[in-house]
Amino acid sequence: THFGFRDVPVGEKQKLVGQVFTSVARSYDLMNDLMSFGVHRLWKRHFVAISGIRRGDRVLDLAGGTGDIAALLRPVVGKDGEIVVGDINASMLQVGRDRMTDRGLVEGLRWSQLNAECLPFPDNSFDAVTMAFGLRNVTDKDKALADICRVLKPGGRALVLEFSRVQNEAFGKLYDFHSFNILPKLGKLFAGDADSYQYLAESIRKHPDQATLKGMMERAGFGKVEVRNLTNGIVAIHKGWKL
Ligand code: SAM
């Protein structure tokens, strides 16, 4: 059996997403490497490189999970900056915190267990909000986007890195095969958990495509929204400003 999220009430979905990430937290980093052939590291590095985030910025890394983006952002914001890693799942935050401590990265980092749909921060608090591979899991995405806009300072930016629509049909077929045949098998083999990775492939297919997400960001209050495809649109970066 797998998680048929289409048939599950909204509150239940949040609980199931929680379970998925609790069950994958420890194998999460290894699985990312296996599933994407390591390419997720390049996507994340590119995401931070084009973010426009600067020394001294205060950044919220939403759905920050095990801290990949925060670790890349740390040298960018420097010692005058601050990064708040926010995630709904305590196991993911714990793995992230341990890993960062091992790497000697603790200063200027805060960890906050939160739901992206109702952020526990005042209006106009951050220079930037980043969200990598997180929006897909949020039940009410419009609500989350509006709340991201609220906590940004005027002139601040939101950056969303997320799976999107592959632009080329032939490449799309290959990608589907990888997602629905290889991926659950990898999940079973390395994480003992095929269901969670089946959920992953399904959630990717259901996520709004480039143009839809752009429209959602505009409706949530963002201006000058830009979209960039990476790896033929397997993932896309959406950038928008709170004007
Ligand atoms: N950003 C990290 C990365 O790129 O490696 C982690 C991405 S992971 C695929 C998705 C994360 O979103 C999980 O850690 C999960 O707990 C978190 N998440 C899911 N729903 C959330 C919500 N409503 N609010 C905050 N975080 C959420």
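In the predicted model, the largest nonpolar core comprises 50 residues, and those with the most contacts inside it are Val59, Leu73, Ile83, Val129, Ile148, Ala158 and Leu161. One of these, Val59, is in contact with Ile53, Leu73, Val77, Gly81, Ile83, Phe126, Asp127, Ala128 and Thr130, when its neighbours within four places in sequence are left aside. Another core, of seven residues, lies apart from the largest one and includes Met31, Met35, Tyr199 and Ala201.

Helix 6 (residues 141-151) contains Ile148, which is buried together with Lys141, Ala144, Leu145, Asp147, Cys149 and Val151. The buried residues of helix 6 are covered by elements including strand 1 (58-62), strand 4, strand 5 (152-163) and helix 9 (210-219).

Packing between helices was examined for one pair. Two packed helices are described by the angle between their axes and the distance between the axes. For helix 2 (residues 28-36) and helix 7 (residues 169-191), the angle is about 145° and the axes are 11 Å apart. The crossing of these two helices is right-handed. On the side of helix 2, the contact is made by Leu30, Met31, Leu34 and Met35, which meet Leu183, Leu186, Gly187, Phe190 and Ala191 of helix 7. Of the residues in this contact, eight are nonpolar and one is polar, while none is charged.

The unreviewed UniProt entry carries a "binding site" annotation covering Thr66, Asp87, Asn115 and Ala116. Asp87 belongs to strand 2 (residues 82-87) and is classed as buried because 25 C-beta neighbours lie inside 10 Å. Beyond its neighbours within four places in sequence, Asp87 is in contact with Ala63, Gly64, Gly65, Met92, Leu93 and Gln113. Asn115, by contrast, is situated in the loop between strand 3 (109-113) and strand 4 (126-132); with 17 other C-beta atoms within 10 Å, Asn115 is partly exposed.

Backbone geometry was also considered. Most residues other than glycine have a negative phi. Lys224, although not a glycine, has a positive phi of about 50°. Lys224 is placed in strand 6 (residues 223-230) and is exposed, since 10 other C-beta atoms lie within 10 Å. A positive phi, near 60°, is also found at Asn232, a residue other than glycine. Asn232 occupies the loop between strand 6 and strand 7 (235-241), and its 14 C-beta neighbours inside 10 Å make Asn232 partly exposed.

Key. Residues are numbered from 1 along each chain as its sequence is written. This is a predicted model: local features need pLDDT of at least 70, side-chain atom pairs count only at pLDDT 80 or more; totals for chains, interfaces and linings use all residues. UniProt positions are given in the numbering used here, feature names are shortened, and annotations may be inferred rather than shown by experiment. Helices (H or I, at least four residues) and strands (E, at least two) are DSSP runs, numbered from the N terminus. A residue is buried if 20 or more other C-beta atoms lie within 10 Å of its own, exposed if 12 or fewer, and partly exposed in between; C-beta atoms are placed from the backbone. Two residues are in contact if their C-beta atoms, placed from the backbone, lie within 7 Å. Axes are lines fitted to C-alpha atoms, for helices over the stretch in contact, and angles run from 0 to 180 degrees between N-to-C directions. A crossing is left-handed if the near helix is turned anticlockwise from the far one by less than a right angle, and right-handed if clockwise. Ala, Val, Leu, Ile, Met, Phe, Trp, Tyr, Cys and Pro count as nonpolar, Asp, Glu, Lys and Arg as charged, and the others, Gly among them, as polar. A nonpolar core is a set of buried Ala, Val, Leu, Ile, Met, Phe, Trp, Tyr and Cys residues joined through C-beta atoms within 7 Å.
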